[in-house]
Every structure is written in structure tokens, then in C-alpha cells.
Number of protein chains: 2
Amino acid sequence: MQEREVDVAIIGSGSAGLYAMSKVRPAGKSVVLINGGELGTTCARVGCMPSKAVIQVAEDFHRRGVFKRFGLEGEEALTLDVSEAMGYVQDLRDMFVERVISNSTDKMPEGMFIQGYTHFVAPHVLEMEDGQRIRAGKVIIATGSRPIIPESWQPFRDRIITSDEFFDLEALPKSIAIVGLGVIGLELGQSLHRLGCNVVGVDVADRIGGLTDPVVIKSAIDIIGKEFPLWLGHGAEISEGSDGKLRVTAGGNSIEVERVFASIGRSPNVEKLGLDTLGVATDDRGIPLYNANTMQVGDLPLFLAGDVTGERPLLHEAGDEGRIAGHNAASDSVMAFRRKTPLNITFCDPNIVQVGCTYASLDLDTAAVGEVQMAPVGRALIMAKNKGVIRVYADKASGRMLGAEMNCAKAENLGHLLAWAIQQEMTVGQLLQMPFYHPVIEEALQAALYDLYAKVEAKNPGPITELVPL
Amino acid sequence: MQEREVDVAIIGSGSAGLYAMSKVRPAGKSVVLINGGELGTTCARVGCMPSKAVIQVAEDFHRRGVFKRFGLEGEEALTLDVSEAMGYVQDLRDMFVERVISNSTDKMPEGMFIQGYTHFVAPHVLEMEDGQRIRAGKVIIATGSRPIIPESWQPFRDRIITSDEFFDLEALPKSIAIVGLGVIGLELGQSLHRLGCNVVGVDVADRIGGLTDPVVIKSAIDIIGKEFPLWLGHGAEISEGSDGKLRVTAGGNSIEVERVFASIGRSPNVEKLGLDTLGVATDDRGIPLYNANTMQVGDLPLFLAGDVTGERPLLHEAGDEGRIAGHNAASDSVMAFRRKTPLNITFCDPNIVQVGCTYASLDLDTAAVGEVQMAPVGRALIMAKNKGVIRVYADKASGRMLGAEMNCAKAENLGHLLAWAIQQEMTVGQLLQMPFYHPVIEEALQAALYDLYAKVEAKNPGPITELVPL
């Protein structure tokens, strides 16, 4: 069988793989990009993009609930044609996918892109399903991840939906249990409720949206729990119900639903790569141990990038990991890069956001915590979105910002402000010297920062906290 | 007549005066706060707060225009009860005003707050209308401003509305000409249009929203001009029309309207203060010449703060000016403070924002300009708000960010990110090293920054623009 030689092989043409290509190709290296399964990136096909479209539709429909308070009448007449709505989501999704493909794999010269699954048969040697072999100086694994469905649920697979199938639905079930209330479960669970499904949310943990701060957890559970029931603290069991329904049981609760949405996590796509032939050390999920600053696996000519690492399943992080892996795979020596300040956004309403250090990771002896409740915040009141809480963390002695957890309107935007500030190692005092306009949601953050400032030892020089003396 | 002696007298209990109090009182100085006219700050009574409430109602009603595209039916049945809507705005306004008053003047000890107009009768000596005199070591003038109505319009005053009257309306006119398309004119003009008035916008300039960048001006005029007609480049003349209407003529255009909204500017409240007795130098509007870093007038024991300066009619700037004036009035020596990076937001839809240096103030030989059109931006498409443009400016040699002008969704939030970055003297390359989540409107800014980065000479160290080598 023929064996083709390249400098670099990239496995996976999702976001991470494409970003890796963007560094390998300009370096003048010979490269192949290999992709098994569908084209178009998890993000555009079944992830961030179509979920935001569903959320937008659901939020616009849900908004009718505030119309009466300012004299906007007739909201009872509003009805949502769900199949139209899903068609709209699918059209947007298809456009985003088409954009990705037409700007990447479609444009690559003959032979640079190979469709099909591949696996290692020896160090440096990949074999396609048709037997074709590729000898690569370096390999980047960017094979992504897939939704987990527990083995015990397999008998009910025909009635279990994951994010892989959700966006292709033409109709929505009348009733659904969302099992797993992380980003995906919360975003789509709340949207399904708002689109008219009977939704129950289930999570084995006592918290939602990946939050760790007890004050924000309580607020988020209170707010979301008013929209649809949340069963927390017990794993879900599925059994056959009546009339083709599924019975979902968790702790003392039980319900029959048409469908179960499985959002309990994602599994890295590593099993079929033949990694055992490389003899690399892996963690308990089978992911090769790697350096997050170089993306290199041990000292091998092997790099990881993107969701396959199981670490930061976010487009902008996949972009960084692809760039790092691509740069290093195309270079003679391996270079380490500083990773960005963590930023996690759940686009539920109100948004749930985590920035920098989580509350759980704080040393409460040395950290200070500031807080503001959204209820009285002027602009939030005007927006009729004055729910939630912001909690901000700083080092008590130096005042350096450490992180934040929050659930509030426009937290996605506040998250950027905070992530940028934390990455620049700013203090809470320095943040208070920045302009906060009026009336904006940023003023809620400002109030939390004032509360925090009172609790740190480091104070701004000069007599006026908010201003720098000349 | 009795003469009372105090260390500091503050004239005006609006935002600037109250912030000044917050610095004078803790310093242990004796102080009086004197206020002529209504209590409650321009911001809360007739400014930022109630206008945001009107905008929110108008935007929620206007949003029905996108419902059909995703299968949300029945929007024809939505009707707005304008008197209910205005009542809602007034209730919110009253609550915000009450909050201000109950937390400030209401809580002051007997004699510290004096209601009534006052004026200088000699240096250091103020006289109230009832003849009571106050001898003050230092005086802070924070008397604010009021809407301008040209002398030639006085015969039609009964049919001219300003922001002072607007929020008390119970019904809206069927037709209105908005004369002056700055912040107030654009915000309320667009809202009135969306609430059902026939609106025409008139401005003597060829630009709107205070913009100076021709690309953003064109975009803003195109977008707003699709909602209601804009007559630009000619001053408005008013004459008597038929059936009690006013005829508004500007250039070759003429129309009859029930009301005219005057938003051509605001005049500082200085005429009746008896400033001539102090012999201070003033500008052509009668505003004493002052130092914006100390708020001091010449070397006199006299300070200005807030809208009366005619410079930065914004709450957060009034806050800074009040703090500076208050600190300096309560101190033996005068201290200078660095002012914040300029940030101006017009909360029309899409927002119009100016940050840092205006385009007009750039030296185009040494500055670079980056741009992104909003049309293809993913999240903007999903929000059905993909209109507008972002233009960002940096110093060509150093890459240091200078400013931006933009009209786009969530520009109010992007404005904060940019203002904070500019105040920290960041370069465009450093901004690209910050996290940009996906899919968010911040990615539109990111695209504009990439465009800008390509045009500046200073590049980030290391092989990957977006990442800092370790």
C-alpha cells in the first residue's frame, strides 16, 4: 500500500484543527487535514451558534410576559409556530456551517484535505479506513468530543436527544426531562420551556451552570426554578413509562416524559485513534497527558487541540490551542504560551458567568468577596431584568482581582470586562478608576466592586478613590 | 439682615452638588447646600433614567417587526396604550427621583439644606431671595443646565416640548418635528417614532448623534433614516400652520406638525448667579474659565461641577467633577486629578458610541483606522441586529489605542471595554490578546481590531499575535 509523507498531519477539521492549519500552512510545511464524520465544526453545527439562535427565539417569545406592565396589549394573541422557528434556526445554522466549510476545507488544494477516519498504526504512521497510510513528522489531534449517553440508557436511545440531534428537530416534544444542567442543559432546557415544552431539569449535583459560589447558585436555582422544576442532588434513572413515554426518576421525584435530553457531559474522541500504539500516558478518560501551554503530549511529536482535551470546550480556547499546536508542530522547537483568563458563559436568562478563579478555588483566608444584588439596579429595573447577583473576588492584601461568579442581565458583557481586567492583573481599586456610564448594567458591577474595595487592604493612592491624582 | 458663615457653600443639589457634598461633609467642614427649582437631579427627573425607560418600551414594541421571521405569529394584535406606557415611565421616574431625594437632602440635618435661588452679592457672600445672606469660605457652583429654546420660537412655546416637559406627557402628539439630533433628539425621536408618532428629524448639521467619523455618520443616517425622515444640513424655522399646527421648514423641506421637540442644546444656569460681582473671566456662554483637573475657577475660592460647565453633561463625569470640587473646596490646597477617558453613548437602536479621541480630532498622518461592518457578524445576525459599523483608531507607530466611533448593537457595552483599554493606554495588539468569547458582539470589535492591527507598525512580540509567550 502506498505511504504518503507529510511534515504535519492534523486529525479533525473542527475549529481547533482549522486554527492549527492556519499556523502550519504559512510556515511552508507539507500538511494533511483529515476529518472523519461531518464537516462544519461542533460550534457551528450543533453547538454555540444554533443554540444562540434557539435562545434568541425563545427569549423574544418569552419577553411577552412583561408587555402588560407598560401597556403593550394583545400578547395573548402571540403564538409560536415551532416548526417555523426550528426551520429558521436550521437556516441560520446551515449558513454558519456553509461559511466555515467554504472558507476552509473547500478552498484547500487537492490532496490537502482527506475525508475519513484515521488511526495510528505506528508512531508517525496513520492509516485511513481504506488502508492508505500517511507518515507524518508531527501529528495534531483535534478530534473533538461527543455527548455522553450512559450505557444503561441505551435501550431508550430512540427517545433520548442530545445536542447532536436537537437542532435537526422539526417538532418539539410536549414533555422533556433535561438531565444535566451545565451550559447545554440550562441553555436548551430554559429555551424548550419558553418554546412551550413541559420541562423538568435534573442534575446529580446541587448546583447548576457550573457555578461554585453558594450565593450565586442559590440565586440561579431560585430564578430558573421559577420557570420550570429543578430536581437537584440525585442522578436520573430512566425506565419504560406508559404510552411510549419514558419514566425519569431522581431521588424522590418521578415523571413520565416523551423525551429525555442528555446533557451530562461530553466524551473526548480518542478511543479509535490507536493511541496505545504510541505508548503515551493518559488520564482516566484516555486523554494523553499534555502541557496546556505548549499543547504537546509528553516530549512526543504529538499535540492536542480543542475539545478533545476535555478542558476548555470553548471556541476561543480551541482557537488558541489550535494556534499553539499548529505553531509548535511547524517549528523545530516547542514554545510555551500564557493561556487566557478563564471565561465561561451560560447564555441562559439571566446569563450565568464565571471569570478567573472560581469561588471554590479561593482561599477564603486571603481572598475578599464583594457582592451586589440586582434587584434595585436602575438599568436592570428599566430592562425588567433586575434578577440575580454579582459576586467578585480579590486578593485581600493586594486588592488584585481574582475572579467572579454571577447571574444577571448582560453578564456576558460584564464577563469580558472582568476577564480583561483580571488578565491585566488589575486591582479592584484600579477598576473603580475606570469610567462607568449611567444608566448601564456595568454600574451593577461597579457596586459589587465598591463592596469588594471596602474589604481589601490595598487602597488607591490619593484622596479620591475613583480618580488618579496628577 | 442676619449673615450665616460656613466653610463651603454648594449651589445646586443635582448629581454634581451631591457628590461634592460627599467629599465636603466627611472632611468636617461646615457646609450648606442650596437648591433653586425642583429636587431630584436632571438625570433622574428629566434625563438619562426616564429616557431609558421610554427607549425600553419603544424597543420592546418595535421588536415585533422581527417576530414573523422565526414563526412568531400574531404581532398585528399588539397595541400600545400610550397613556399606560407613559404612566409606567412616570412611575419609574418618580421612584428614581424619590431614591435620590430620600438618600440625600431629606437626610441632611436641619439647616444644612436650603431651598431657594441664590446669587453672589460680593465675593464670598451669597444672598437668598428672602434676603438671607451666607458668607462662605469656598463656593461650588453646580447649577446644571436647561434646554435651549431660540428666542424666535417663543411665540410657539405652547406647542414646543423639551426634555423638561416630555416625561410628564400623558398622551403623545400625532406628529412631531425633532429639532436637534444629538443624544436627546435621537433617543426620544426614535422612541416617539416607534411609539406611533409621525416623526421628522431636523438638524442644522450634516451629522447625527455627535458623530464625526464619516463612515459611521453615513451608516447611522442610513439606518435611522429608514425609520423616519431626517432633514440634515439646514436650521429649522417655525411658523404658524393650519389648524393650530406648527409649520417647520428646513432647507427645501416643510411640514406641519402638532408639536416641535427642541433638542438643540442646553444652556448653563449661570446668568442669575451674580458672577459679575466676582469679576471672573468667562467664556462666550458666560461660564467662568476653570481648570477641568481641579474644577477651580482661576485662583479663586470658587469651583464648578457638573452640567454647568457645558463640557461633559454625563452623570459619571458630574460625579467626578463633584468629587474633585468637593475635595478641593474642603482642602487647604488644590489638587489636580486625571480625568477619565471620554465615553459618550446615545442609546438609540443601534447604539451610537464615541470613545476616546473623536475621528475629527485624529491626525490621519499618524493614526490608523480599523473597521468592521456589522452585516455578517454571527451573533448580530442571530439577534436580528446586524446593522451598523465599528471604527477603531490607534497610533500608527506605537499601536496605542486612541478612540472609536460606532453604531451597532450593544455598543454601550463595547464602549466600556474600549474606554477601559484606552484609559490603560493599551495597544491594539494587547487588546487582541484578551479573551473574546463566542458568539458575542465583542467579536465584531475583535474583527475591527484585527483590521486595525494590520495597519499599525507595532506588532506583538512572539510568533502568535493572540498569545503571550511564556
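Visitor: What's the strand order in the open sheet of five strands in chain A?
Guide: This is a predicted model. In it, the order is 20-21-24-23-22, with antiparallel pairing.

Visitor: Which are the edge strands?
Guide: Strand 20 (343–346) and strand 22 (367–373) of chain A. Each pairs on one side only.

Visitor: And the twist, from one strand to the next? What does it average?
Guide: The average is 10°.

Visitor: How many bridges join strand 21 to strand 24 of chain A?
Guide: Six. Strand 21 covers residues 351–356 and strand 24 covers residues 401–408 of chain A, and the two run antiparallel.

Visitor: What about helix 12 of chain A? Which strands does that one touch?
Guide: Helix 12 (residues 442–453) also packs on the sheet, touching strand 22, strand 23 and strand 24 of chain A. Its direction makes about 140° with that of strand 22.

Visitor: Switching topic. Strand 1 and strand 8 of chain A: parallel or antiparallel?
Guide: Parallel. Eight bridges join strand 1 (residues 3–11) to strand 8 (residues 133–141) of chain A. A:Glu5 has A:Arg135 as its bridge partner in strand 8.

Visitor: Strand 1 and strand 2 of chain A pair too. Over how many bridges?
Guide: Four, in the parallel sense, with strand 2 at residues 31–35 of chain A. There, A:Val8 has A:Val31 as its bridge partner in strand 2.

Visitor: Where does the chain cross between strand 1 and strand 2 of chain A?
Guide: Through helix 1 (residues 15–24) of chain A. This β-α-β crossover is right-handed.

Visitor: Now the open sheet of three strands in chain A. What's the order?
Guide: 14-15-16, with antiparallel pairing. The edge strands are strand 14 (237–240) and strand 16 (253–257) of chain A. On average, neighbouring strands of this sheet are turned by 25° against each other, direction ignored.

Visitor: How many bridges join strand 15 to strand 16 of chain A?
Guide: Five, and the strands run antiparallel. Strand 15 covers residues 246–250 of chain A. A:Leu246 stands opposite A:Val257 in strand 16.

Visitor: Which strands pair between chain A and chain B?
Guide: Strand 4 (residues 79–80) of chain A pairs with strand 3 (residues 72–73) of chain B, antiparallel, over two bridges. A:Thr79 stands opposite B:Glu73 there.

Visitor: Zooming out, how many helices and strands are in chain A?
Guide: 12 helices and 25 strands.

Visitor: What radius of gyration does chain A have?
Guide: 24 Å. A compact globule of 470 residues would be near 23 Å, so the value for chain A agrees. The C-alpha trace spans about 70 × 70 × 40 Å along its principal axes.

Visitor: And how many of the residues of chain A count as buried?
Guide: 55% of the 470.

Methods
Residues are numbered from 1 along each chain as its sequence is written. Chains are lettered from A and ligands numbered from 1 in the order in which they are written. This is a predicted model: local features need pLDDT of at least 70, side-chain atom pairs count only at pLDDT 80 or more; totals for chains, interfaces and linings use all residues. The radius of gyration is taken over C-alpha atoms; the globule rule is 2.2 Å times the number of residues to the power 0.38. A residue is buried if 20 or more other C-beta atoms lie within 10 Å of its own, exposed if 12 or fewer, and partly exposed in between; C-beta atoms are placed from the backbone. Two strands pair if DSSP finds at least two bridges between them. Axes are lines fitted to C-alpha atoms, for helices over the stretch in contact, and angles run from 0 to 180 degrees between N-to-C directions. Two residues are in contact if their C-beta atoms, placed from the backbone, lie within 7 Å. A crossover is right-handed if, with the strands pointing away from the viewer, the path from the first strand over the helix to the second runs clockwise.
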